[in-house]
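Biologist: Could you walk me through this model before I start on my own notes? I would like to begin with the overall picture and then go into the details.

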Amino acid sequence: MVKKFINFLNNLQGASLRAAADDEIRKIKGLSEKLPDVFVEIYSQAVPENKLEYEDFVFYDIDRIYAENTDMVPGVNILPFGLFTFASTFDGDAICVDLNIPDLPVYQCSHSLLSDETEINYYKKDMITLAFNYENILKVSPKLADSLSDFVNKLINNDTETYSVTDIIDML
């Protein structure tokens with residue numbers, strides 16, 4: 001899966017990949033003690049020089065991944081629950097893996113629904129308010145793939161889909 005993902009990134013238009021420096025690897029490892037070796041392996045071999053765009057997705061360099069998980073919404077709000085942002089949609093939703101599950105399922109986490117770290121609010125006939133916890137974050141975050149490996153295969157096969165906030169609320 002690592003080689004497939006690196007090949008996929010490398011084949012994107014404008015791709016410029018490089019091996020990460022040791023301090024960059026330490027930086028990304030410092031984001032979560034749950035960070036799986038697969039991410040360290042991918043980024044130690046091939047980190048984008050700049051953002052890489054594909055369909056509705058933007059794949060980031062290590063500095064931006066760090067910022068997405070520490071300073072930007074929703075990443076900063078959801079990383080404490082084990083959802084690690086490694087990419088985003090063009091609309092600003094985080095593309096995350098769930099570090100709590102060994103297969104690393106991939107979710108689209110809405111920046112508008114998950115911008116408040118205390119509650120989740122949306123309107124569906126009436127205003128709905130949910131506690132900001134792991135279960136509710138997953139409830140409002142569409143699963144894009146059952147595993148990181150499945151997500152990579154979907155990218156390669158151009159079989160991915162993202163959702164607008166309206167689509168997400170309609171699914172609830």
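Modeller: For a chain of 172 residues, a compact globule would have a radius of gyration near 16 Å, and the protein has 16 Å, which agrees; that radius is taken over C-alpha atoms, and the globule rule is 2.2 Å times the number of residues to the power 0.38. This is a predicted model, in which local features need pLDDT of at least 70 and side-chain atom pairs count only at pLDDT 80 or more, while totals for chains, interfaces and linings use all residues. Residues are numbered from 1 along each chain as its sequence is written, and side-chain values use heavy atoms, with hydrogens and water left out.

Biologist: What does the C-alpha trace span along its principal axes, and how many helices and strands are there?

Modeller: The C-alpha trace spans about 50 × 30 × 25 Å along those axes. The protein has 8 helices and 10 strands, where helices (H or I, at least four residues) and strands (E, at least two) are DSSP runs numbered from the N terminus.

Biologist: What share of the residues counts as buried?

Modeller: Of the 172 residues, 49% count as buried, buried being under 20% relative accessible area, exposed over 50% and partly exposed in between, with a 1.4 Å probe and protein chains only. As for contacts (heavy atoms within 4.5 Å), 58% of those with a separation of 6 or more are accounted for by residues 24 or more positions apart.

Biologist: Let's go to H2. Which of its residues are buried?

Modeller: In helix H2, which runs over residues 22–29, the buried ones are Glu 24, Ile 25 and Ile 28. They lie on the same side of H2 because they cover an arc of only 100 degrees around the axis, the arc being that of the directions from the helix axis to the C-beta atoms. On the other side of H2, Asp 22 and Arg 26 are exposed.

Biologist: And what covers the buried residues of H2?

Modeller: The cover includes strand S1 (17–18), helix H3 (37–45), helix H4 (62–70) and strand S5 (83–89).

Biologist: Which residues of H7 are buried?

Modeller: In H7 the residues Leu 148, Phe 151, Val 152 and Leu 155 are buried. Seen down the axis of H7, these fall within an arc of 100 degrees, so they line one face of the helix. In general, an α-helix has 3.6 residues a turn, so residues three or four places apart point the same way. Just after H7, Asn 158 takes a positive phi of about 50 degrees.

Biologist: Switching to strands, how many residues of S6 are buried?

Modeller: Strand S6 (residues 94–98) is mostly covered, with 5 of its 5 residues buried. Both of its faces are covered, with Ala 94, Cys 96 and Asp 98 buried on one side and Ile 95 and Val 97 on the other.

Biologist: In what sense does S6 pair with S5, and with S7?

Modeller: S5 and S6 pair in the antiparallel sense over 5 bridges, and S6 also pairs in the antiparallel sense with strand S7 (residues 106–109), over 4 bridges; two strands pair if DSSP finds at least two bridges between them. Ile 95 in S6 is the bridge partner of Ala 87, and in S7 the bridge partner of Ile 95 is Gln 108. The hairpin of S5 and S6 has 4 residues between the strands, and Gly 92 there takes a positive phi near 100 degrees.

Biologist: What about Leu 104, buried or exposed?

Modeller: Leu 104 counts as buried because its relative accessibility is 8%. Its place is in the loop between S6 and S7, and its phi is near 60 degrees, a positive value in a residue other than glycine.

Biologist: Where is Thr 162, and which residues is it in contact with?

Modeller: Thr 162 is in the loop between helix H7 (148–156) and helix H8 (165–171), and it counts as buried at 19% relative accessibility. Leaving aside neighbours within four places in sequence, Thr 162 is in contact with Asp 56, Phe 57, Thr 89 and Gln 108. The side chains of Thr 162 and Asp 56 are joined by a polar contact of 2.8 Å, a polar contact being a pair of N or O atoms within 3.5 Å; within protein, one must be able to donate a hydrogen and the other to accept it, and residues adjacent in sequence count only if both atoms are side-chain atoms.

Biologist: Last one: which residues does the cis peptide bond join?

Modeller: The cis peptide bond joins Val 73 and Pro 74, with omega about 10 degrees, and Pro 74 is found in the loop between H4 and helix H5 (75–78).
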